[in-house]
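Biologist: I am new to this structure and would like to learn how to read its features one by one. Could we begin with the pockets and then turn to the contacts between side chains?

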Amino acid sequence: CVGLFIKWFKNQNLSWAYLAPITFIIFNIQYFDAILWSMIPFQHIGVYVWAIVSLYFLNGSKSYHLGISLLFAIISLFSDVSGVLLLPVGFFLLGIQRKWKELTIWAAIFGLVVGYYFHDLTVPAYRPSISSNIAHPSTLISMYIAMHGLWLDPGNGVNMNIRVTVTFIAGLLSIVFIARTYFIKTYSIWKNHQKLTQNEFLTFGGIGLIASAFFMFVINRSAEGFEAIFITRYHFLYALWAVFCYLLIIQENPINILKNKFFLPATLILSISYCIFSYFLHWQDMDYFRKMLLTDSYEWRNNKIIPSSPIYIHEKNRVDHIYENAFNTGLYKGIDDPFNNIPQSKGQPIHVKVLDYNHAICILLPEFTRKLGKNDGAYVILKSGSENHIFPTKNTRRSFLSMLRNGSYYDTAAFSIPILKEYLKSSEYELEIGVMENEQMIILETNNKIILSNFQSSNQ
């Protein structure tokens with residue numbers, strides 16, 4: 001995919017230096033869970049990588065290019081359902097060029113594959129229905145607009161209303177600029193019987209693909225509210241949108257770009273700042289995500305639960321079967337987690353609050369400051385006889401100015417992952433806090449018991 005972008009700049013007769021901003025936009029940690037979660041690179045990222053390759057060859061000059069495009073389109077579709085969006089995007093861009101032969105072959109072959117893909121397809125029961133998602137059209141439209149501006153999201157820790165407002169305004173401006181340029185150019189191609197260059201086809205195809213993906217997302221997820229569009233594993237999609245907007249600016253203004261001596265330095269400074277700032281914004285979430293994976297591994301081995309995934313409840317038998325086969329065949333050997341030798345000795349008591357959320361509980365540590373080690377932090381430990389559970393906690397980061405004033409990235413409070421009561425077999429648990437520093441854990445008492453039968457916490 002990066003190779004295609006290199007080829008794109010070569011076709012524009014531009015220095016590879018103009019490619020550098022793209023690398024800083026794409027290669028950072030803002031979609032850390034998409035990278036660290038082994039399934040998602042092949043699904044949520046892979047679908048767009050293969051789709052971009054497909055678009056590049058779809059407008060190729062050689063007869064066999066169409067076959068290569070169809071091959072990568074099929075790979076994209078079977079990576080994730082979003083690959084279906086290639087069908088209308090390719091149909092439109094071939095149609096405006098009046099490439100009727102290629103359009104017919106493309107629509108017939110890929111259309112048949114799409115039909116096969118959707119035959120007997122079952123939507124998981126935990127997903128909201130289409131009727132639920134379109135019940136509030138104003139929310140749906142607002143989310144769609146905001147998705148185009150999520151490259152300017154100020155990040156977790158900022159009030160949700162501010163995040164929505166900033167991304168909505170950025171998205172609206174982005175749509176106005178892109179839509180105007182897009183439709184003026186494509187209408188001109190149709191009206192004057194012109195052809196798109198390889199670069200133009202890739203740029204307009206990428207913009208159409210990502211904009212369509214945003215629409216598909218809100219049609220399927222708007223019932224979950226604005227929080228759904230801020231999920232970090234989808235940030236790769238927003239980064240691609242920013243990349244194609246950048247390509248469009250260069251493509252439609254090549255002479256001005258070359259003459260402007262400030263354009264390249266400015267885009268480099270902005271992209272490098274964007275990359276660095278993404279580490280500040282998302283390091284806390286990446287650290288927390290890693291700890292969730294560690295405790296998930298411990299919990300599945302010892303209690304056959306996956307605390308970070310409520311969906312596991314609905315798919316437990318299938319997931320357990322896959323995991324057990326992977327272990328038994330040696331395909332997966334597990335990971336070395338820091339929880340194998342939990343000490344029995346206990347330090348000074350620590351103050352905690354137990355928050356009850358109907359189906360789940362959450363443990364709050366109002367005055368806990370963690371160190372910066374990769375496993376450092378507090379872990380919630382629930383004990384009941386031979387049943388032991390370990391759950392991670394998260395320390396939120398300070399604001400940038402607060403970090404500079406206090407010399408500390410993390411703030412002075414921590415809260416646990418929501419612990420589903422359905423995952424807990426006993427009715428009563430002793431609550432302890434394990435504090436990890438420099439790979440050594442100290443157990444702190446809380447003088448607190450969790451009594452699930454009454455859905456309450458009880459101080460001793």
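Modeller: Let us start with open space, keeping in mind that this is a predicted model. The second largest pocket holds about 740 Å³ of space. Its lining is made up of 29 residues, and those closest to the centre of the pocket are Ile-25, Trp-151, Leu-152, Ala-242 and Tyr-274.

Biologist: Which elements give two or more residues to the lining of the second largest pocket?

Modeller: They are α2 (20–26), α10 (160–191), α12 (235–252) and α14. Among these, α14 gives the most, with 11 residues in the lining of the second largest pocket.

Biologist: What can be said of the rings of Tyr-312 and Tyr-423?

Modeller: Their centres are 6.3 Å apart and their planes stand at 55°, so this pair is tilted. Here too distant parts of the chain are linked, with Tyr-312 in helix α15 and Tyr-423 in the loop between β7 (419–420) and β8 (428–437), 111 residues apart. Tyr-312 and Tyr-423 are both buried. A search of the whole structure finds 28 aromatic pairs, and ring pairs also join Trp-8, Phe-9, Tyr-18, Tyr-246 and Phe-263 into a cluster.

Biologist: Which rings have Arg-163 or Lys-304 over them?

Modeller: The charged end of Arg-163 sits over the ring of Phe-230, at 4.2 Å from the centre of that ring. Lys-304 lies over the face of Trp-300, 4.3 Å from the ring centre.

Biologist: How should I read a salt bridge, and which residue meets Arg-163 in one?

Modeller: In general, side chains of opposite charge can pair when their charged atoms come close. Arg-163 meets the side chain of Asp-153 in a salt bridge, at 2.8 Å from N to O. Arg-163 lies in helix α10 and Asp-153 in the loop between α9 (137–147) and α10, 10 residues apart, and both residues are buried. The count for the structure comes to 13 salt bridges.

Biologist: Where do Asp-287 and Lys-291 lie, and how do Asp-411 and Arg-398 pair?

Modeller: Asp-287 and Lys-291 both lie in helix α14, four residues apart, which is about one turn of the helix, and their side chains meet in a salt bridge of 3.4 Å, N to O. Both are buried. The salt bridge of Asp-411 with Arg-398 has its closest N and O atoms 3.7 Å apart. Asp-411 is in strand β6 (residues 410–416) and Arg-398 in the loop between β5 (387–397) and α16 (400–406), so the pair ties together parts that are 13 residues apart in sequence. Asp-411 is partly exposed, with a relative accessible area of 28%, while Arg-398 counts as buried at 12% relative accessibility. Finally, salt bridges that share partners join Asp-287, Lys-291 and Arg-370 into one network.

Notes
Residues are numbered from 1 along each chain as its sequence is written. This is a predicted model: local features need pLDDT of at least 70, side-chain atom pairs count only at pLDDT 80 or more; totals for chains, interfaces and linings use all residues. Side-chain values use heavy atoms; hydrogens and water are left out. Rings of Phe, Tyr and Trp (its six-membered ring) pair if their centres lie within 6.5 Å; planes under 30 degrees apart count as stacked, over 60 as edge-to-face and the rest as tilted. Buried means under 20% relative accessible area, exposed over 50%, partly exposed in between (1.4 Å probe, protein chains only). A charge sits over a ring if NZ of Lys or CZ of Arg is within 6 Å of the ring centre and within 35 degrees of the ring normal. On a 1 Å grid over the protein atoms alone, a cavity is a set of points where a 1.4 Å probe fits but cannot get out, and a pocket is an open set with protein on both sides within 12 Å along at least five of seven lines; lining residues have an atom within 4 Å of a point. Grid points are joined across faces, edges and corners, and a volume is the space filled by probe spheres set on the points. A salt bridge is a side-chain nitrogen of Lys or Arg within 4 Å of a carboxyl oxygen of Asp or Glu.
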